[in-house]
Protein chains: 2
Amino acid sequence: MVKLDFNKLGGLVPAIIQDHRTGEVLMLGFMNEESWNRTLSEGAVVFYSRTRKKLWKKGETSGHVQIVKEIRVDCDDDTLLIRVEQVGGAACHTGHRTCFFRKLDGNTLVQDGRLVFDPKDVYGK
Amino acid sequence: MVKLDFNKLGGLVPAIIQDHRTGEVLMLGFMNEESWNRTLSEGAVVFYSRTRKKLWKKGETSGHVQIVKEIRVDCDDDTLLIRVEQVGGAACHTGHRTCFFRKLDGNTLVQDGRLVFDPKDVYGK
């Protein structure tokens, strides 16, 4: 079995989520050991929510789950790179394809991401 | 000025480093506010090393600095995606192009990354 180093970050490892076809970085989440094991057994991404302090299967509300296509572990065993198929085409709760839909332009952030859905339609009002 | 949320992770934000041409994810590091400001002013990536507890300019020993080409901030202002030109062609201290040079195959990790340099040549013996 693969042993990850959960000690460096108080029981968590960061997991970078990348679109397996386009290479776009969609988001970053955190996993504790339980969410890591569930990700492996379910073949879909399960995070640990730091704000809600509980497991959080990505897409459990929106249906926009992330199907695991490939898992990579970094040289220190403390970071994951998970390449996924993003169901519904959008990873961000704002409806954008990626959570990184803003880029720095001088001193300000400008939007240049693609809006895939209207959050009101998916999460209700 | 862009305000990042350093509070969620005890003064740090994770920074995903991606090759700006190929889209390969090269590594993940952490930045505190000082390293973030230095990254902006120097145009090259400066991390905060959690193990050494000090600023760490990527490539300061190897010469393999990461020249900033684009900076993206996620929807929660607590994660960075920095697209870089990787000088020397390799981000990992093992000499591999990316720190994610191992992928999960069943229950074990297999190497499939490209070795760009021999660490002995770069860091000495």
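The questions below concern how the two chains of this predicted model are related and how they meet.

The model is predicted, with local features needing pLDDT of at least 70, side-chain atom pairs counting only at pLDDT 80 or more, and totals for chains, interfaces and linings using all residues. Residues are numbered from 1 along each chain as its sequence is written, chains are lettered from A and ligands numbered from 1 in the order in which they are written, and side-chain values use heavy atoms, without hydrogens and water.

Q: How do you know that the copies meet through the same surface?
A: Of the interface residues of chain B, 100% are also interface residues in chain A, so the surface is the same. Contact (heavy atoms within 4.5 Å) joins 40 residues of chain B to 40 residues of chain A.

Q: How much area do chain B and chain A bury between them?
A: About 3,300 Å², 65% of it on carbon and sulfur atoms. Buried area is the accessible area (1.4 Å probe) that two parts lose on being put together, summed over both.

Q: Why is the pair A:Arg102 and B:Asp77 called a salt bridge?
A: The term requires a side-chain nitrogen of Lys or Arg within 4 Å of a carboxyl oxygen of Asp or Glu. For A:Arg102 and B:Asp77 the N to O distance is 2.7 Å, so the pair meets the definition. Between chain B and chain A the count is eight salt bridges.

Q: What makes strand E7 of chain A and E5(B) a pair?
A: Strands (E, at least two residues) are DSSP runs, numbered from the N terminus, and two of them pair if DSSP finds at least two bridges between them. Strand E7 (residues 102–105) of chain A and E5(B) have two bridges, in the antiparallel sense, so they qualify. A:Arg102 stands opposite B:Val73 in E5(B).

Definitions and conventions:
Helices (H or I, at least four residues) and strands (E, at least two) are DSSP runs, numbered from the N terminus.
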